[in-house]
Amino acid sequence: MVGPPKTLQDLRRVEGAVRVTCRACKAVKQHDLEELIIDRRFRRLSMEWEAVRRTMPCRKCDSTDTRVDGVPFGQDDVERRARRSRALLMNLALAVLDDASRRARDEDVCVPATRLALRVLRPYLPDRELLVTFWTAAETGRGKPHGPALQAMRWIVTKLVDAGHPVWAEFR
Ligand SMILES: [Zn+2]
């Protein structure tokens, strides 16, 4: 990443969590980054990192006199970084599929990028059934108003979320 993070999403590449330290009651609360993104999206709050830093209240006493930090991965935190790295790979694959599913009605998206994304997702699903469903929907869905590829994308996301995989908020 070049320069400081501008949004919460930018934090994904370098930090693992967001820590709120209350100056009033001294409570410290560590927030999981993805849960925070989902929560703020749901409540229609800003994703701008500066806004987050200014406005995160203390969970204990509601004071807004807080210090908000991104918590970087420790150098020795190999397993955690590996997990983040796998999560990034999975979500990038979902970004490719999401994009393809939106274009599938109007153009041919049965291209190597889509095939690669499906392959990347295979280890995260119990079997290949939904991946085949997506490919078939992409092949046959052109010109169809209901967007079968969009539906297949939603099924894949639901399956991943149900299995506890860290799917980014924008795909849920
Ligand atoms: Zn407090």
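**Entry 1: starting from one side chain.** I began at Phe134 and looked up its contacts. Leaving aside residues up to four places away in sequence, Phe134 touches Leu97, Leu118, Ala149, Ala152, Met153 and Ile156. A reminder to myself before going on: this is a predicted model.

**Entry 2: the core around it.** Next I asked which residues have the most contacts inside the largest nonpolar core. They are Leu97, Phe134, Ala149 and Ile156, in a core of 22 residues. I then checked where the members come from: H3, H4, H5 and H6 each supply at least two residues of this core. H3 gives the most, with six residues. I also found a second, separate core of 11 residues, which includes Leu11, Cys22, Ile37 and Cys58.

**Entry 3: helix H5.** I turned to helix H5, residues 129-140. Its 12 residues should span 16 Å at 1.5 Å a residue, and I found its end C-alpha atoms 16 Å apart, which agrees. Which residues of H5 are buried? I noted Leu130, Phe134, Ala137 and Ala138. They cover an arc of only 100 degrees around the axis, so they sit on the same side of H5. That made me recall a rule: an α-helix has 3.6 residues a turn, so residues three or four places apart point the same way. On the other side of H5, I found Glu129, Val132 and Thr140 exposed. I also looked at what covers the buried residues of H5, and the list includes helix H3 (78-103), helix H4 (112-121) and helix H6 (148-162).

**Entry 4: helix H6.** Pro148, Ala149, Ala152, Met153, Ile156 and Leu160 are buried in H6. Their arc around the axis is only 145 degrees, which puts them on the same side of H6. These buried residues pack against H3, H4 and H5. Just after H6, I noticed that Gly164 takes a positive phi of about 85 degrees.

**Entry 5: a stop at Arg102.** I picked out Arg102, which lies in helix H3. Is Arg102 buried, exposed or partly exposed? I read 14 C-beta neighbours inside 10 Å, so Arg102 counts as partly exposed.

**Entry 6: stepping back.** Along the sequence they follow the pattern β-β-α-α-β-α-α-α-α. The protein is divided into domain 1 (9-72) and domain 2 (78-167). Over C-alpha atoms, the centres of domain 1 and domain 2 are separated by 30 Å. The C-alpha atoms of the protein fill a box of roughly 60 × 35 × 30 Å along the principal axes. Of the 172 residues, 23% count as buried. Among contacts with a separation of 6 or more, 62% come from residues 24 or more positions apart.

Entry 7: I finished with the confidence scores. The protein averages a pLDDT of 89, and 95% of the residues score at least 70. Among the elements, helix H1 (residues 33-42) has the lowest mean pLDDT (83), while H4 has the highest (97). A note for my next visit: where pLDDT is low, the predicted coordinates should not be read in detail.

Conventions:
Residues are numbered from 1 along each chain as its sequence is written. This is a predicted model: local features need pLDDT of at least 70, side-chain atom pairs count only at pLDDT 80 or more; totals for chains, interfaces and linings use all residues. Helices (H or I, at least four residues) and strands (E, at least two) are DSSP runs, numbered from the N terminus. The expected span of a helix is 1.5 Å times one less than its number of residues. A residue is buried if 20 or more other C-beta atoms lie within 10 Å of its own, exposed if 12 or fewer, and partly exposed in between; C-beta atoms are placed from the backbone. The arc is that of the directions from the helix axis to the C-beta atoms. Two residues are in contact if their C-beta atoms, placed from the backbone, lie within 7 Å. Domain bounds come from an automatic or database domain assignment. A nonpolar core is a set of buried Ala, Val, Leu, Ile, Met, Phe, Trp, Tyr and Cys residues joined through C-beta atoms within 7 Å. pLDDT is the predictor's confidence in each residue, from 0 to 100.
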